Every structure is written in C-alpha cells, then in structure tokens.
Amino acid sequence: MAGRLLYVYLAVFLTAIVRINGEEEMICGMGTSCCKGPSGIPGVPGVPGSPGRDGLKGDKGDGAVAGGGQDGGQVIVPALNIKQCAFNKLNDGRENFLIKDCSFKKNFSNTALRVTWNGNIRLLSSGGSCSRWYITFDGEECDRPLPIETVIYAHGSINIHRGTSIEGICFGLPAGRVDVELRHSKCSNGHVVGDAYTGWASVSRFIIEEISIPRDEDRKSVV
C-alpha cells in the first residue's frame, strides 16, 4: 500500500507545466498516457457564410421644402411684319411711268424697310439708250442712305428680257401706311430712254419687310 502511494506522488511531482515557443505545454510524468503534444499547423480558413437578412426599414425622413419661385411668364415671339404683292404678266411697255405699287403698314418710326422687286425687264435701242427702274416711297426716292435702283444701257435691237432683282434698305420712313412703288425713267446721264419693257410673260413681285437695325447704321453704310 505504501509503495503504491509513493508511485502516485512521483507521477504528480514529475508533471510540470513548461513553455515551448511562447505557448504553455503540459509535460506528463513518467508512466502516464495523458500528455499534451505540440500545437498543430493552423487550418485552412473556412468558407464565408451566407449574407445576413436585410435590416428593418427605417422611418421616412422629412422632404425638402419647395422654394417660393414664381411661374415664368409666356414668351411672346414678335411676328414678322412682311408683305408680298405679286403681279402676273404685267407686259408693261410704258416709259417714264409708275409701273406698280404695293401698300404697306409700317408699325414703328425707328425701323427700316427692306424692299425687293423681282421680275424681268428689257431695253431696245437703235443707237445708245439708257433706262432706269427705281423704287419710291409715297412718290419720293430713298435718301437714307441712297436711292434703290438699277439701270440698263443698250445699243442695238436684240430683244432680250433679263430677270432682275432690285433690292435695298431705306431708313427714316415714318410709321403708318407707305406706298412702295416701282417706277421707270430715263437715266441721268443724258441718253435717250429707249424702248423699255417690264414683266413680260411672267410673274413679278414686291417683297416688303419692316426690320430693326441699330441707330445711324444707315449713315455708316454710305461710302
């Protein structure tokens, strides 16, 4: 009995706790089978788990307060003040005469009129002759900046009717009704007027437009 107790005492006495590589290890005494071995190699990381469920829905926040802006007003695009007067087959062989006119309502006194005449004209002459087609406003030629006109000089009897455009801008006309006119006369260089013809077998037309141009632009354009 005493011998058996001595054996147990020695086993307990020889059992010690030591540190190996910074870790506690149990070293068993002789004759025991309960010893703890060295730490093993770390295992492979596990597979990530499934995503968690969505959290509870939060409370609704306060919305932004609308500003005190005002609705924009309706945008009004000013209409063009433009007019066309068309004439079919004038066949006018008069000289030194008012050929055609077109009445126009001018809305403002500080605007200009842009005038275009389209049609064919002709001049015959056995010698040297010159004819002039020009635009007037209530019977007066434009002087701001200059007259609106075209001239043809002819020497011979070749009967050619030429398509022509007479165009220009006139300033300084008052607001209200304006009669825009196409007239014919001899030239100012002393030549005879010749045998003139206007608007043969075709359509002729006035196109009149009220336009806005910066002040005194007409005076700057005179050279």
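**Entry 1: the disulfides**

I began with the link of Cys130 and Cys187, which is left-handed, with -70° about the S-S bond. Its two sulfur atoms are 1.8 Å apart, and I count a disulfide as a pair of cysteine sulfur atoms within 2.5 Å. A note to myself: this is a predicted model, where local features need pLDDT of at least 70 and side-chain atom pairs count only at pLDDT 80 or more, while totals for chains, interfaces and linings use all residues. Residues are numbered from 1 along each chain as its sequence is written, and side-chain values use heavy atoms, with hydrogens and water left out.

Back to the link of Cys130 and Cys187. Cys130 lies in strand S5 and Cys187 in the loop between S9 and strand S10 (195-198), so the pair ties together parts that are 57 residues apart in sequence. Strands here are DSSP runs (E, at least two residues), numbered from the N terminus. I found Cys130 buried at a relative accessible area of 4% and Cys187 buried at 7%; buried means under 20% relative accessible area with a 1.4 Å probe, protein chains only.

How many disulfides does a search of the whole structure find? I got 3.

Next I looked at Cys85 and Cys102, whose sulfur atoms lie 2.0 Å apart. The torsion about their S-S bond is about 60°, so this disulfide is right-handed. Cys85 sits in strand S3 and Cys102 in strand S4, so the pair ties together parts that are 17 residues apart in sequence. Both Cys85 and Cys102 are buried.

Then came Cys142 and Cys170, with sulfur atoms 2.2 Å apart and a right-handed link at 105° about the S-S bond. This pair joins distant parts of the chain, 28 residues apart: Cys142 is in the loop between strand S6 (140-141) and S7, and Cys170 is in strand S8. Cys142 and Cys170 are buried too.

Counting bonded cysteines along the chain, I wrote down the pattern 1-2, 3-6, 4-5.

**Entry 2: the core**

Which of its 27 residues touch the most other members? They are Ile135, Phe137 and Phe206. Elements giving two or more residues include strand S5 (112-137), strand S9 (176-186) and strand S11 (203-211). S5 supplies the largest share, 8 residues.

Notes:
A nonpolar core is a set of buried Ala, Val, Leu, Ile, Met, Phe, Trp, Tyr and Cys residues joined through side-chain atoms within 4.5 Å. Buried means under 20% relative accessible area, exposed over 50%, partly exposed in between (1.4 Å probe, protein chains only). Helices (H or I, at least four residues) and strands (E, at least two) are DSSP runs, numbered from the N terminus.
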